[in-house]
Amino acid sequence: MTEEERQRERRRRRRALQRKRERQRRLILGIMAIGILFVTAAAVRGIAGRLLSSSDSSDKKTAVNASDASISVKDSQTTEKASSEASAKDTLKAAKRKAAQYDYDGAMELLKKDASYSSNSDMQNAVSKYEEAKASCKSWPLEEVTHIFYHTLIKDPSKAFDGDYKEADYNQVMTTIDEFNKITQTMYDKGYVMVSIKDMAKVNEDGSMSPGEILLPEGKIPFVLSQDDVCYYHYMDGDGYASKLVVDDEGKIRNEYIEDDGSVSVGDYDMVPLIDRFVEKHPDFSYRGARGIVALTGYNGILGYRTDISYETRPADLDDNKVEWLNAHPDFSLEKEREEAKKVAEAMKKEGWLFASHTWGHQNIAQISLEQLQADTQRFKDNVDPLIGGTDIIIFAFGTDLTVQEDYSGDKFEYLKSVGYNYYCNVDSSKYFVQIRDRYFRQGRRNVDGYRMYYNPELLEDLFNVKDVFDPSRPTPVPPMT
C-alpha cells in the first residue's frame, strides 16, 4: 500500500470514529432527554395528585364546616325558641298574678310589651279575657270601705293568759293567732279584699288630696288592714309573743320566737308573715299587691330591734326595762340594730306593707300640748323615719283623734300637715268612717280584739261570726274597760 493510500485509510478511520462518537453523544443526549422528560412527567403527576388531594380535602372540609354550621344554626334556633317560649310563659304567669289581684291594666300592659305578643295566641286570648274582666268591675264607693286593726298577736295563750297583772290588758286588746287565722279565712270566703288607703286617696304635688278609685268585680268587698305597736315591747317578753321580725334566707318576712329553754324558733307568729303566707296562697285577697299598715312607736325601737338613741346614750331616766335588756346584751350596737331593722322594713315595703307613725312615745294626741306633740314628732323623725323611709300616715294611739269636730283644723293639724302627714286614722266602732278632704284623708278603724268580740259581737257580724272564731283558751268574762 502506498503512502497515499495509507493516508486515505487513516482519514477514513478518523471520520468513521467521529461519526461513531457523534452517534454515541446523540444517543446519550437522547437518553438524558428521555430521562428528564420522565422525571418531569412524574413530578407533574405528583404535583397534580397533591393538588387534587388538597382540593378533595378542602371540599370535604367545606362540606363538614357547612354541615356543622347548619347544625349550629339549628341548635341556636332551637335554644332561642325554647328561651322565647320560657320567657312567654313567665310573662303569662306574671300577668295572671296581676290580673288575680285586679290589676287588669298592668296585666295587659305586661303582655302587650312582650316581644312575642303579636304571634302568641295565648297572650292575645289572655288580654281579651282581662279586658272583659275589667269591664265587669264596678267602682266601689270610697265612703263604704271599712278599716279593721289588731295589736300584736298572741302565739302562746297559756303565757299571755297566765293570771298575772298583764292578763287583763292582753285579754281586752289582743287577738290570738288562731282567732286571727279564722277571721282572715272567713273574710276571704266572704269576698273581702285588702286595699291600700293610698288607693282610696291620692296626694297631689301641691299637697292637696284627691279621691282615688277602687275597681272590683261583683262580690268583692274592699277593706283596709292595720296593726298597732309592731315594736315587740320589753314588757311582753316571756308572755307568748314573737320577739321580732326577720328576713329569712328566701327573702321572706318571718318572726323569731324565744322558747322556754332560750332557743330561738323562726316562723309565722304575727300578722305580717301570716298575711304574706295567706296572699301567697290566695293572691286575690290583695288588691294590686296591697298589704296592711304597720303602726310604730319608737321608744323601745321598732320591729323588735332596739333602734332608739336612748339605748346608746343611756340617760339618767332610762326606764328599768331598757336597763335590764342592755345588761343582758353587753354586745349591743345601735348601728347594727338599725341596720337590721332597716333591712326588715325594706323587705316589708317591697311586699306592699305601709308604715305609719303611732307617735314616738304612744302619746294621747287629744291630751298633749302642741309643744309636746312637736317634741314627740321630732323624736319619731330622728329615730324611726330614717329606718322606714319616712311616712305620711299617722295612726293615733289610744284611739283618740285630733278633734271631735267634723273637720280637722287648729294648730295640731296644721303642724302635722306641715311636717308631711296626709293620712290620719283614729278608732271608730262604726262600720264606715271615711273623709276625703282637700288637705287630708281620714278614716276610722274597728278594733278586732277580745273586748270587741266579747261585748259587741254584733258590730263584727259583717266580717265574721264571733262564735266561730273565739279562742276557747281566752279567759271569760273579758274584763270591761275602765
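Helices (H or I, at least four residues) and strands (E, at least two) are DSSP runs, numbered from the N terminus. The structure is a predicted model, in which local features need pLDDT of at least 70 and side-chain atom pairs count only at pLDDT 80 or more, whereas totals for chains, interfaces and linings use all residues. Residues are numbered from 1 along each chain as its sequence is written, and side-chain values use heavy atoms, with hydrogens and water left out.

The chain contains 16 helices and 18 strands. Of its 482 residues, 45% are buried (under 20% relative accessible area, with exposed over 50% and partly exposed in between; 1.4 Å probe, protein chains only). Among contacts (heavy atoms within 4.5 Å) with a separation of 6 or more, 70% involve residues 24 or more positions apart.

Strand S11 (residues 253-258) is joined to S12 by four bridges in the antiparallel sense, and Asn255 stands opposite Gly267 in S12.

H8 is largely enclosed by the rest of the structure, because nine of its 11 residues are buried. The buried residues of H8 are Met271, Val272, Pro273, Leu274, Ile275, Asp276, Arg277, Phe278 and Val279. Pro273 lies in H8 (residues 271-281) and has a relative accessible area of 0%. Beyond residues up to four places away in sequence, Pro273 touches Leu245, Ile253, Arg254, Asn255 and Asp268. The C-alpha atoms of Pro273 and Leu245 are separated by 8.6 Å, although the two residues are 28 residues apart along the chain.

Ser243 is located in the loop between S9 and strand S10 (244-247). With 16% relative accessibility, Ser243 counts as buried. When neighbours within four places in sequence are left aside, Ser243 is in contact with Tyr232, Glu256, Tyr257, Ile258 and Gly304.

Strand S9 (residues 221-227) pairs with S13 in the parallel sense over two bridges, and Gln227 has Val294 of S13 as its bridge partner. S13 is also joined to strand S14 (residues 354-357) by four bridges, and these two strands run parallel. Val294 stands opposite Phe355 in S14. Both faces of S13 (residues 293-296) are covered, with Ile293 and Ala295 buried on one side and Val294 and Leu296 buried on the other.

Strand S18 (residues 441-447) is likewise covered, as seven of its seven residues are buried. Phe441, Gln443, Arg445 and Asn447 lie on one side of S18, and Arg442, Gly444 and Arg446 lie on the other. Strand S2 (residues 146-150) pairs with S18 in the parallel sense over two bridges, and the bridge partner of Phe149 is Asn447. Strand S16 (residues 423-427) runs parallel to S18 and is joined to S18 by five bridges, with Tyr423 partnered by Phe441. Strand S17 (residues 434-436) pairs with S18 in the antiparallel sense over three bridges, with Val434 partnered by Gln443. A hairpin of four residues joins S17 to S18.

Two packed helices are described by the angle between their axes and the distance between the axes. The axes of helix H12 (residues 370-383) and helix H14 (residues 411-418) come within 10 Å and cross at roughly 20°. H12 and H14 are therefore roughly parallel to each other (angles under 35 degrees; over 145 counts as roughly antiparallel, 65 to 115 as roughly perpendicular and the rest as oblique). Their crossing is right-handed, a term applied if the near helix is turned clockwise from the far one by less than a right angle, and left-handed if anticlockwise. Leu370, Leu373, Gln374 and Thr377 in H12 meet Asp411, Lys412, Tyr415 and Leu416 in H14. By class, this contact comprises four nonpolar, two polar and two charged residues (Ala, Val, Leu, Ile, Met, Phe, Trp, Tyr, Cys and Pro count as nonpolar, Asp, Glu, Lys and Arg as charged, and the others, Gly among them, as polar).

Technical notes. Axes fitted to C-alpha atoms, helices over the stretch in contact; angles between N-to-C directions. Pairing = 2+ DSSP bridges.
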